[in-house]
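Colleague: Before I use any of the terms attached to this entry, I would like to go through them with you. Please set each value against its definition and tell me what follows.

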Amino acid sequence: MGTSRKLLPVTIVVLTFLITSSYQATTQPDKPLMKAVVIHAYGGPEVLKLENVPRPEPKEDEILIRVVAASINPVDVAIRKGYLAELIGNKFPFILGMDAAGVVEKTGTKINKFKVGDSVYAFFTLTDEGGYAQYVVAKESEAATKPKEVTYAQAAAVPAAGSTAWQVLIETAKLSAGQTVLIHGGSGGVGHLAIQIAKALGAKVIATASTANQDFIKRMGADVAVDYTKTKFEEVAKDVDVVLDMVGGDTLKRSYGVVKKGGIIVSIVDEVDQKEVDARGIRGVEFRASPKASVLEDLTRLIDAKKITPIVSQTFPLSEVARVQEQISTRHTRGKIVFQVADEPKG
């Protein structure tokens, strides 16, 4: 009994230490925290949660970006609803966001292209994402130096939308000077950049938009602006070399007939009817862009040469994510909507 009494105070001290250590481990995470928009399941806007989560740590081939601004894309809504679950899987919790602009906070040991303090913008893969957050990691193949001639908010509007427009027009359609391109949805995120890229190439641009956006697409460089609420585009566009479709449905079906033989129609929102394209002697492609640092570098050059100006129609804090996703899902956004995650760095 004497030995047991002597051990009792020691046992209490040990148990107290273990309980205290366990509590501290759960309340004081090893990683610093950040705010991010997280989904824990697919569903409606209610699944979007602004939470404190562990800040990511860059792997040896990654950079950690302190996000200043992040872009909102229609694909974010599709992902949240579960439409791309077959590609992404069910790896929850999941941080949305295809692209962002910010400052390099930390670099992995194998990073040569960037250093801490560099201003960058990046386009993330569908399976990783992470832009709706205060910090995000990216590989060198997904990032490039931010254009100097625009703000971080404007830069954040470019990676996914600009890469889509560039890869469709230049890499897929091989658009060249003197050719004609028809761009459906010319006032949107991809559309307004596609108009400017096509004009920089020396192509003739026919673009469709609503009545309210006619002046806007003309300012972007459209040679012919078509108000789809008043005029059938088939009456204006004939024998075009390239169609970039961002509307789908009936608009896509009606577009096959305006492409000249040997031309191409590319849709980023719908399936192309292979029988139609074969019968007309044209090509048809369903397209989804992928991150390429080289494309971002080309876009940077065009922006800094003032050949492209990304248009941000609205900025919001991350806390407004549900409202913003509802707006982007209407498909009537002029230019881009951007999250202002942090203040714009000075200088």
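**Pocket, sheet and salt bridges**

Modeller: Strand E7 contributes the most to the lining of the second largest pocket, with 5 residues. The model is predicted, so that local features need pLDDT of at least 70 and side-chain atom pairs pLDDT 80 or more, whereas totals for chains, interfaces and linings use all residues. Residues are numbered from 1 along each chain as its sequence is written, and side-chain values use heavy atoms, without hydrogens and water.

Colleague: What makes a set of grid points a pocket, and what counts as its lining?

Modeller: On a 1 Å grid over the protein atoms alone, a pocket is an open set of points where a 1.4 Å probe fits, with protein on both sides within 12 Å along at least five of seven lines, and a lining residue has an atom within 4 Å of a point. The second largest pocket holds about 690 Å³ of space, a volume being the space filled by probe spheres set on the points. Its lining comprises 28 residues, and those closest to its centre are Pro56, Ile95, Asp128, Glu129 and Val137. Two or more lining residues come from each of strand E1 (33-39), strand E2 (49-54), strand E4 (94-95) and strand E7 (135-139), where a strand is a DSSP run of E with at least two residues and a helix a run of H or I with at least four, numbered from the N terminus.

Colleague: How many of the lining residues are nonpolar, polar and charged?

Modeller: The lining has 13 nonpolar, 4 polar and 11 charged residues.

Colleague: Which residues does a cis peptide bond join?

Modeller: A cis peptide bond with omega of about -5° joins Phe92 and Pro93, and Pro93 is found in the loop between helix H3 (85-88) and E4.

Colleague: What is the order of the strands in the open sheet?

Modeller: The open sheet has 6 strands in the order E11-E10-E9-E12-E13-E14, with parallel pairing. Strand E11 (224-227) and strand E14 (283-286) are its edge strands, each pairing on one side only. Neighbouring strands are turned by 15° against each other on average, direction ignored.

Colleague: How do you know that E9 and E10 pair?

Modeller: Two strands pair if DSSP finds at least two bridges between them. Strand E9 (residues 180-183) and strand E10 (residues 204-209) run parallel and are joined by 4 bridges, so they meet that condition. Ile183 stands opposite Ala207 in E10.

Colleague: Why is the contact between Glu57 and Lys106 called a salt bridge?

Modeller: A salt bridge requires a side-chain nitrogen of Lys or Arg within 4 Å of a carboxyl oxygen of Asp or Glu. In Glu57 and Lys106 the closest N and O atoms are 2.3 Å apart, so the pair qualifies. The partners lie in distant parts of the chain, 49 residues apart, with Glu57 in the loop between E2 and strand E3 (62-71) and Lys106 in strand E5 (residues 99-107). Glu57 is partly exposed at a relative accessible area of 41%, as is Lys106 at 35%.

Colleague: Which other salt bridges link distant parts of the chain?

Modeller: Asp61 and Lys139 meet at 3.0 Å, N to O. Asp61 is in the loop between E2 and E3 and Lys139 in strand E7, 78 residues apart. Another salt bridge joins Asp223 and Lys199, with the closest N and O atoms 3.0 Å apart. Asp223 is in the loop between helix H7 (214-220) and E11, and Lys199 is in helix H6 (residues 189-201), 24 residues away. Asp223 is partly exposed, with a relative accessible area of 41%, and Lys199 likewise, with 33%. Shared partners also join Asp61, Glu62 and Lys139 into one network of salt bridges. The whole structure has 17 salt bridges.

Terms used
Nonpolar A, V, L, I, M, F, W, Y, C, P; charged D, E, K, R; others polar. Axes fitted to C-alpha atoms, helices over the stretch in contact; angles between N-to-C directions. Buried < 20%, exposed > 50% of the residue type's maximum accessible area, 1.4 Å probe, protein only.
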